[in-house]
Amino acid sequence: MSDKVLMKGAEALAEGAIQAGCRFYFGYPITPQNETPEYMSRRLPEVGGRFVQAESEVASINMVYGAACAGVRVMTSSSSPGISLMQEGISYISGSNVPCVVMNAMRGGPGLGNIAPAQADYFQAVKGGGNGDYKRIVLAPSSIQEGVDLFVDAFELADKYRMVVMVIVDGLIGQMMEPVEFKTKVDVSTLKTPEWATVGRHGRDHANVITSLTLDAAGLEKWNLKLQAKYAQVERSESRIEEYQMDDADYAIIAYGTMARIAKTTVRVARAKGIKLGLLRPITVWPFPAKQLQAYAPKLKGALTVELAYRQLFEDVQLALCGKIPLGWFGRGGGVVPGPQEILAAFEEQFGKGR
Amino acid sequence: MAEEMKVIYERPRSWANKVTHYCPGCTHGVAHRLVAELVDEMGLLDKTIAVWPVGCAVLGYEYFTFDSVEAAHGRAPAMATGIKVTNPDNFVFTYQGDGDLASIGMAEIVHAAARGWPITVIFINNGNYGMTGGQMAPTTLLGQKTTTSPLGRTPQTNGFPIRVAEMLAQLDGPAYIARVSLDSPVNIRKAKSAMRKAFNAQVRGIGFSMVECLSTCPTNWKLTPVESMERIRKEVMPYFPLGEFKVAQGVL
């Protein structure tokens with residue numbers, strides 16, 4: 001596939017994962033991402049892969065853990081409540097240094113919440129969720145095409161750093177249709193089984209063991225320091241941001257994913273009114289592109305964080321920019337998605353007419 | 001002194017040369033030994049991946065020379081499923097205790113059995129949570145005192161013990177389900193023969209297999225090793241009868 005095809009987000013992202021070399025998928029139904037496992041169940045057998053419908057998200061992530069131990073490209077997807085159930089497994093996978101990709105089509109919460117688009121799992125994705133000191137790389141596409149492209153990066157980053165890479169989207173990206181092009185096709189026959197994989201010794205002179213257990217406190221601290229060093233390396237090398245209309249901007253909106261997509265319209269509307277507004281869009285929310293934001297601080301009179309959550313992204317923005325420039329915040333929750341005018345009104349309320 | 005010397009007993013190749021952490025009189029060592037012997041005898045060392053539980057056998061991977069992974073509590077069958085599906089020709093077994101398998105991991109074991117994919121489960125039933133200090137398990141007998149049933153398990157407060165082998169044998173997925181005991185030489189020999197069938201059910205691709213092993217926990221039962229063996233015969237076997245509960249065609 002090299003030409004553009006019109007696809008639904010949840011299916012295009014699944015195809016993107018397959019093109020990125022994913023051959024194993026384990027999942028459990030939950031709205032709004034059911035088209036992803038459904039697509040995987042059709043497509044994976046066609047490319048020599050396997051789809052397994054697990055008995056729960058708890059089982060899904062532990063099946064992913066098992067397959068990840070075998071060194072294959074493997075993923076699961078779910079939505080907020082299901083991702084909550086996976087936190088145990090994500091912690092174990094992180095603690096054992098094996099790679100996998102997890103996609104979260106975030107929906108309104110807390111609890112059962114609803115199935116409308118939300119970004120309220122931000123803290124869970126970037127700060128923790130499971131037990132222990134661990135990090136995931138968290139990619140936040142704002143279009144279907146970008147999601148498809150990022151899946152290639154997701155699997156490469158997972159393999160490179162032996163980490164969980166999370167792709168966070170929402171029902172809006174999952175349910176809409178856009179033209180999409182699959183630019184990269186990974187030839188899985190070129191992927192080597194890593195030397196650490198538990199695939200049976202088959203002549204190897206030693207046993208491979210994958211565990212997150214280290215009973216000795218000094219030993220576990222040493223292991224944690226290794227993980228921390230890896231995370232520091234990821235923070236130095238892998239943060240990404242999109243800068244939109246920032247060249248002459250006096251003010252910036254800071255937003256990611258679906259919210260950033262809408263905020264782009266706000267930028268255009270504001271500029272038509274003579275407000276020099278731009279958009280800073282984190283593509284990685286962990287590692288958070290703090291340095292890139294800070295580089296803009298001397299040029300900006302203020303920044304408005306906009307999110308489908310209550311001051312979650314804002315916390316990272318504050319850590320990066322607090323005391324440097326005036327910061328404002330606007331968000332909607334529970335699955336309510338604000339339009340471009342509503343965001344502009346919030347901007348004008350907090351920063352005047354931007355002049 | 002020209003007598004010819006012959007090796008009649010030796011350490012299995014699958015067994016790492018290590019001292020285990022198990023308590024004196026605990027039958028984990030016996031179950032481990034049987035696994036190691038069978039992996040050797042069936043030529044499986046190079047293609048084996050073991051999935052270890054949370055519980056007393058959490059360090060099981062220290063004692064064997066084949067590949068191992070360490071699962072989260074109760075999740076070994078899910079992890080084994082993920083491993084098996086990536087390399088169906090490999091030999092994948094889980095080794096789980098009764099808290100791990102029959103309590104927190106009940107969903108995973110039931111669905112692994114129902115899927116029927118050829119993985120093997122060695123299930124250690126010693127009637128309590130050994131590693132955490134002897135709390136009540138789903139397999140704790142009525143009247144049995146544990147640290148969380150200090151006056152003895154009662155159905156009114158704690159419900160009834162679960163017979164896992166019989167329960168899973170109701171499903172169509174399993175190829176082989178048996179309950180054995182590790183209390184005596186004769187029963188250990190029978191246990192090995194059951195495990196061989198369970199291993200074979202996987203090797204021959206027939207389906208899911210599980211061997212439940214009645215086991216001792218002298219430390220938490222507060223009995224001597226010999227008394228513990230006797231307790232298995234007198235108190236445990238009447239509730240958890242030995243036998244084969246499912247033997248699919250082709251299982252030898």
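This is a predicted model: local features need pLDDT of at least 70, side-chain atom pairs count only at pLDDT 80 or more; totals for chains, interfaces and linings use all residues.
Chain B has nine helices and nine strands, and its contact with chain A takes 29 residues from chain B and 34 residues from chain A. Chain A itself is split by the domain assignment into domain 1 and domain 2.

**Chain B on its own**

- If you count up the secondary structure of chain B, you get nine helices and nine strands.
- The radius of gyration of chain B is 18 Å, close to the 18 Å that the globule rule gives for 252 residues, so chain B is as compact as a globular protein of that length.
- Picture a box of roughly 60 × 55 × 30 Å along the principal axes: that's what the C-alpha atoms of chain B fill.
- As for burial, 54% of the 252 residues of chain B count as buried.
- Take the contacts in chain B with a separation of 6 or more: 67% of them come from residues 24 or more positions apart.

**Where chain B meets chain A**

- Chain B puts 29 residues into this contact, and chain A puts in 34 residues.
- On the chain B side, strand E1 (48-52), strand E2 (67-70), helix H2 (76-86) and helix H4 (106-115) each supply at least two residues.
- The top contributor to that side of chain B is H2(B), with eight residues.
- Sorted by class, the side of chain B that touches chain A has 14 nonpolar, nine polar and six charged residues.
- There's strand pairing across the two chains as well: strand E9 (residues 209-210) of chain A and E2(B) pair in the parallel sense over two bridges.
- Within E2(B), Val69(B) is the residue standing opposite Ile210(A).

**The two domains of chain A**

- Domain 1 of chain A covers 5-199 + 226-236, and domain 2 covers 242-351, according to the domain assignment.
- Between the C-alpha centres of these two domains of chain A there are 27 Å.
- The contact between them takes 28 residues from domain 1 of chain A and 22 residues from domain 2 of chain A.
- Several elements of chain A give two or more residues to the domain 1 side: helix H6 (122-126), strand E6 (137-139), strand E7 (164-170), helix H8 (171-175) and helix H9 (217-237).
- H6(A) gives the most to that side of domain 1, with four residues.
- By class, the side of domain 1 of chain A that touches domain 2 has 18 nonpolar, five polar and five charged residues.

Technical notes:
Residues are numbered from 1 along each chain as its sequence is written. Chains are lettered from A and ligands numbered from 1 in the order in which they are written. Two residues are in contact if their C-beta atoms, placed from the backbone, lie within 7 Å. Ala, Val, Leu, Ile, Met, Phe, Trp, Tyr, Cys and Pro count as nonpolar, Asp, Glu, Lys and Arg as charged, and the others, Gly among them, as polar. Two strands pair if DSSP finds at least two bridges between them. The radius of gyration is taken over C-alpha atoms; the globule rule is 2.2 Å times the number of residues to the power 0.38. A residue is buried if 20 or more other C-beta atoms lie within 10 Å of its own, exposed if 12 or fewer, and partly exposed in between; C-beta atoms are placed from the backbone. Domain bounds come from an automatic or database domain assignment.
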